[in-house]
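Here's a quick briefing to read with the model open in your viewer.

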Amino acid sequence: MTETSEALVAHLESLGVEYVFGYPGGRVIELFDALPETDVDVVRPRDEREASVMAEMYGRLTQRPGVLAGQGPWIGSLGAIGQMEARLSSSPMVVLTEASERGDYSTLAPYQQARGDYGGLNLPKILDGVTKEHWFPRSPTETLRSVQLAFKHATAGRPGPTAVILDGTAITEEVPEDPVPPVWDADEQVRNWDAAPTDGDVTTAARALADADRPVIVSGNGVHAAQAYDELRAAAAAYGAPVVTSYLGKSTIPETHDLAAGVIGSFGHEGANRVVSDADALLVVGCRLNPMDTNWQAPSFVRPDEQTIVHADVDTRNAGWVYPADVGLIGDASESLRALANACGREGVAVGGDGWARERAATARESFSAPACESDASPIKPQRAVKEIEAVVDEETIVTADSGNNRFWLLNYLQTPGVRTYFGSGGVGGMGWATPAAVSAAITTDRDVIGVAGDGGFAMTMTNVEVAVEQGVAPTFVVLNDTSLGMVRQMQAAEGDIAGVEFHDTDFVTVAAGFGADGIRATTPEELATALRDAKANDVPTVVDVRIDREVEMADRLRSSFYEEVGGLHE
């Protein structure tokens, strides 16, 4: 006979799980006990928040579920950060947690009890608010089937987080020899199939794009989720369409590509926004068109009464959600884009050259630079700091971006040369995301990784530098340091308007040394360039503390003209 915890871990191994990100406690201790006998590696950061972000990043990067494990009360609180990001950024994740029950004492509200009984915490209700689906099995058979279903639903349709709450004997009892209902083979039970749009919708969409004089593609995070990079470029070339991206869609096309036109949105590229406004047909792929993407629906940006809109999404609810769509293509982004590319050239579907598209995209890409990108001033202009980062980024380098001003400087001035290389906290937008995300990417790939954060966000999760040291990986951590909560500080209408925005000037170089990493402070562009080159060649993690000019206001420099139409800052 096999204990349920052992059978569960065997399921993880058979499903090809490489890593479990988590923190031992409660009933998941049984899982952690069984993992050393398998090929599954445990990555244990300093707390559940960091583990949740690492699992989310693994899922976003690989499109295989990142596994998060930990004790219920902390998975439902600290660990909610990564789960919320996974839910809104469509990252597959499986959460294995527990209810901290105490056998027959659970109805008496023992310490940490989280089943939801009177006197205790209600973990199922918490997880119901942040996951796609969750299960609370009551027997060994239900536990194993729940784990299988969690993996299936994490990748079905629009990816996202799922959770299994382990409870008492449902994890400690032995698995029956012939359970009823049966527990099927894990590989077969978790299988999913890609959805594809109908032939009729593809033909209608293809003709609409072919008939357009100025077709434009808006590429979103769904292209990352489907890893439909080749299909995106094929469709763009077929219809002679420039490609703009949403923030979460950044790096779905190399931003150096002839048809790449930048990132749209209220703090996006002016050139990219102009491309969308000038279009007579829009192919929106894997993008929900949220208010940040659409300049808060500025009237002159997207105009459904004047522009033909083809909306491709894996979820039928998202097609035509924000703007009425003329045609909806419901299916996996790779299937929709491939079908559109193949339809081009058929009878009744033909297009001219793409000279307009390439010329228009080239003009739009001018927004990737600004005079401040060449500034030699000290403190360093944030625009110049990003260009120094860009100088050490190649087609394989992964960049993770935090929330706050830093992500908008990166969005605008980091021109990514490869696909699937830029990832930001853009779902729920939690601070502290970039550092554990960078460590996760470094652990799970063999690529160079640069994590970029402000000093506020970096300090939240800087203990992950120690995790990088322990794991033997060497990402570079760039801290754009203005000794403040910069984005909030710059929103002040008057001096002293907002409390709590100034930080003590922390010595991150000394902090890095305390974790066993290297630290470098850069106060000039030349020092930063040298520090980044040295960090890339280093075999231990390096923290680069970059002293940026705190007086350069992000919103004033980057707010789009369309955003001005609706009155500016809505955050």
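N481 sits in strand β16, which covers residues 476-481, and it counts as buried at 3% relative accessibility. Its C-alpha is 41 Å from that of Q113, a residue 368 positions away along the chain. Keep in mind that this is a predicted model.

**Overall build**

- The protein has 25 helices and 18 strands. Its radius of gyration is 24 Å, close to the 25 Å the globule rule gives for 571 residues, so it is as compact as a globular protein of that length.
- Along its principal axes, the C-alpha trace spans about 70 × 60 × 45 Å.
- Of the 571 residues, 58% count as buried.

**Salt bridges**

- The salt-bridge count comes to 32. As a reminder, side chains of opposite charge can pair when their charged atoms come close.
- Which residue does R547 pair with in a salt bridge? The partner is D505, with the closest N and O atoms 2.8 Å apart. This pair links distant parts of the chain: R547 is in strand β18 (residues 542-547), while D505 is in the loop between α21 (486-489) and α22 (508-514), 42 residues apart.
- Is R547 buried or exposed? R547 has 13% relative accessibility, so it counts as buried because the cut-off for that is under 20%. D505 is partly exposed, at 39%.

**Cis peptide bonds**

- Have a look at the bond from V180 to P181: it is cis, with omega near 0 degrees. P181 lies in the loop between α8 (169-172) and α9 (186-189).
- Another cis peptide bond joins S378 and P379, where omega is about 5 degrees. You'll find P379 in the loop between α15 (355-364) and α16 (382-391).

**Positive phi**

- A109 isn't a glycine, yet its phi is positive, at about 55 degrees. A109 sits in the loop between β4 (93-98) and α6 (123-128), and it is partly exposed at 30% relative accessibility.
- S251 is another non-glycine residue with a positive phi, this one near 75 degrees. Its place is the loop between β8 (243-245) and β9 (260-263).
- How much relative accessible area does S251 have? The value is 0%, so S251 is buried.
- G16 follows α1 and has a positive phi too, near 80 degrees.

- Which residues of α1 are buried? They are T4, S5, A7, L8, V9, H11 and L12. For reading that list, recall that an α-helix has 3.6 residues a turn, so residues three or four places apart point the same way.
- E3 comes in the segment before α1 (4-14). E3 is partly exposed, with a relative accessible area of 35%.
- E3 also belongs to a negative surface patch, together with E6, E173, E174, E177 and D178.

Definitions and conventions
Residues numbered from 1 in each chain as written. Heavy atoms only, no water. Patch = residues over 30% accessible without salt bridge, like charges linked within 9 Å, V, L, I, M, F, W, Y side chains within 5 Å. Areas by Shrake-Rupley, 256 points an atom, 1.4 Å probe, with all protein chains shown as cover. Salt bridge = Lys/Arg side-chain N within 4 Å of Asp/Glu carboxyl O. Lys, Arg positive; Asp, Glu negative; His and termini not counted. Charge placed at Lys NZ, Arg CZ, Asp CG, Glu CD. Helix = DSSP H or I, 4+ residues; strand = E, 2+ residues; numbered from the N terminus. Buried < 20%, exposed > 50% of the residue type's maximum accessible area, 1.4 Å probe, protein only. Rg over C-alpha atoms; globule rule 2.2 N^0.38 Å.
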